[in-house]
Amino acid sequence: MTETPSRTYDIAVLPGDGIGPEVVGCALEVLDAAEARYGFSTRRAEFAAGANHFLETGELFDAVEPELRGRDAILFGSMGDPRVTPGILERGFILEMRQRFQQAANVRPVRLYPGVPTPIAGLTPERCEMVIVRENTEGAYVGRGSTVHAGTPNAVAMQESLNTHAGIERVVDFAFRLALGRRRRLTLCHKTNILVAAGQLWQQVVAEVGARYPEVEVDYVHVDAMCFHLPLTPERFDVVVTDNLFGDIITDLGAVIQGGLGVATSANLNLNASAPSMFEAIHGSAPDIAGTGTANPAGAILSLALMLGHLGEGEAARAVEAATVGVLAELPTLAGPAMGATTAELGSRIAQIVRDGAADAALVPDSLLGVLAGLAPSRLAA
């Protein structure tokens with residue numbers, strides 16, 4: 001009789017829209033392999049969420065919040081569909097989850113892996129290894145907006161940005177603790193010369209929190225200058241902390257530098273274990289290629305690696321990351337039919353490497369786990 005592993009985790013799975021079900025399916029196949037190899041188990045509950053469910057029922061985050069809240073972690077696919085007015089799914093589900101579950105820090109590693117092509121000439125993995133920490137519950141994404149005289153030449157639209165000392169402080173403190181365990185350099189990215197009120201509050205909080213971490217060197221870069229420095233001198237940056245809107249933009253630029261949106265990953269972290277954290281690739285739903293088998297599942301699988309690290313399964317997380325990198329390095333290109341393998345085939349290839357214990361740890365001497373270890377407790381530690 002086979003004994004049930006003592007390390008069992010309750011995982012919510014939200015495949016979502018477009019390519020979400022395909023890439024999440026690959027991540028779950030890799031998760032099966034990791035469980036078999038490393039002796040833990042998961043109880044998985046899949047939830048219908050996204051365009052189809054909304055169009056059929058009108059339901060958004062409210063409908064699943066009670067069932068998600070008790071989970072140890074959430075593995076998320078993608079959300080968005082041209083049949084639904086932009087903003088309904090994004091605000092009614094994704095942003096609502098981030099706020100209600102207080103997933104205060106959106107953490108996006110930007111690292112160029114060995115053998116992975118980049119459009120930046122001469123860039124090497126040694127020069128591109130940073131983490132961008134984006135404030136995840138405030139800013140322009142949660143401020144109120146209004147339009148008057150809509151549909152006329154006199155239309156006026158107003159959009160607010162909300163910034164609080166408490167909201168900034170918790171994510172800045174996380175970023176400092178992260179930098180303390182890395183190269184001890186933190187960069188604030190904002191636009192303080194134009195967004196004066198918000199910028200001054202961010203600078204004030206960074207100075208206050210920085211006094212608690214004298215070992216960490218602090219500098220500042222305007223967001224427009226960041227778009228110049230990031231592709232040309234990424235080695236300048238270790239941990240970058242920024243607001244919600246700027247973080248959304250510069251991490252897409254970072255994804256291009258590291259090989260494309262298909263290989264980029266993120267964690268939406270609850271920093272006090274009061275609710276589950278959520279893990280997702282940063283690409284969108286890509287409805288134009290859904291069902292074609294041409295999506296790269298690496299971002300979703302690396303999100304799984306982050307989730308495993310968050311849950312305390314460090315050995316499995318490192319193996320998943322290394323196996324993914326090894327497969328990426330073999331591909332002629334990182335997207336589309338020219339990859340030479342389908343989405344499902346790539347997922348199966350990575351899963352087999354994990355199952356066989358054949359991942360080359362030398363490919364990831366500094367694991368993605370460095371962005372999470374000991375900094376954001378999981379629900380299991382609550």
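This is a predicted model: local features need pLDDT of at least 70, side-chain atom pairs count only at pLDDT 80 or more; totals for chains, interfaces and linings use all residues.
Student: How are α1 and α11 oriented relative to each other, roughly parallel or roughly antiparallel?

Tutor: Helix α1 covers residues 20-38 and helix α11 covers residues 343-356, and their axes come within 8 Å. The axes cross at roughly 10°, and angles under 35 degrees count as roughly parallel. The two helices, α1 and α11, are therefore roughly parallel.

Student: What is the handedness of the crossing where α1 passes α11?

Tutor: Let's stay with this helix pair. The axes of α1 and α11 come within 8 Å. Where α1 passes α11, the crossing is right-handed.

Student: How many residues apart in sequence are the parts tied together by glutamate 313 and arginine 7?

Tutor: Good one to look up in the structure! The side chains of glutamate 313 and arginine 7 meet in a salt bridge, at 2.6 Å from N to O. Glutamate 313 lies in the loop between α9 and α10, and arginine 7 in the segment before β1, so the pair ties together parts whose separation in sequence is 306 residues.

Student: Is glutamate 313 buried or exposed?

Tutor: Buried means under 20% relative accessible area. Glutamate 313 has a relative accessibility of 6%, so it counts as buried.

Student: Where does lysine 191 lie, the partner of aspartate 224?

Tutor: Aspartate 224 forms a salt bridge with lysine 191, and their closest N and O atoms are 2.8 Å apart. Aspartate 224 belongs to helix α7 (residues 223-232), while lysine 191 lies in the loop between β8 and α6.

Student: How many salt bridges does a search of the whole structure find?

Tutor: Some of them are linked: Arg111, Glu129, Arg182, Arg183, Asp238 and Glu321 form a network of salt bridges. Another joins glutamate 35 to arginine 44, at 2.9 Å from N to O. For the whole structure, the search finds a total of 26.

Student: Which residues form a nonpolar patch on the surface?

Tutor: One member is methionine 158, which lies in strand β7 (residues 156-159). Methionine 158 counts as exposed because its relative accessibility is 57%. The patch has about 270 Å² of accessible area together, and its members are Val148, Val156 and Met158.

Student: What is the relative accessible area of threonine 187?

Tutor: Threonine 187 sits in strand β8 (residues 185-190). Its C-alpha is 9.8 Å from that of phenylalanine 176, eleven residues away in sequence. Threonine 187 is buried, and its relative accessible area is 0%.

Methods: Residues are numbered from 1 along each chain as its sequence is written. Side-chain values use heavy atoms; hydrogens and water are left out. Patches are made of residues with over 30% relative accessible area and no salt bridge: like charges are joined within 9 Å, nonpolar side chains (Val, Leu, Ile, Met, Phe, Trp, Tyr) within 5 Å. Accessible areas come from the Shrake-Rupley method with a 1.4 Å probe; for residues, only the protein chains shown count as cover. A salt bridge is a side-chain nitrogen of Lys or Arg within 4 Å of a carboxyl oxygen of Asp or Glu. Helices (H or I, at least four residues) and strands (E, at least two) are DSSP runs, numbered from the N terminus. Buried means under 20% relative accessible area, exposed over 50%, partly exposed in between (1.4 Å probe, protein chains only). Axes are lines fitted to C-alpha atoms, for helices over the stretch in contact, and angles run from 0 to 180 degrees between N-to-C directions. Angles under 35 degrees count as roughly parallel, over 145 as roughly antiparallel, 65 to 115 as roughly perpendicular and the rest as oblique. A crossing is left-handed if the near helix is turned anticlockwise from the far one by less than a right angle, and right-handed if clockwise.
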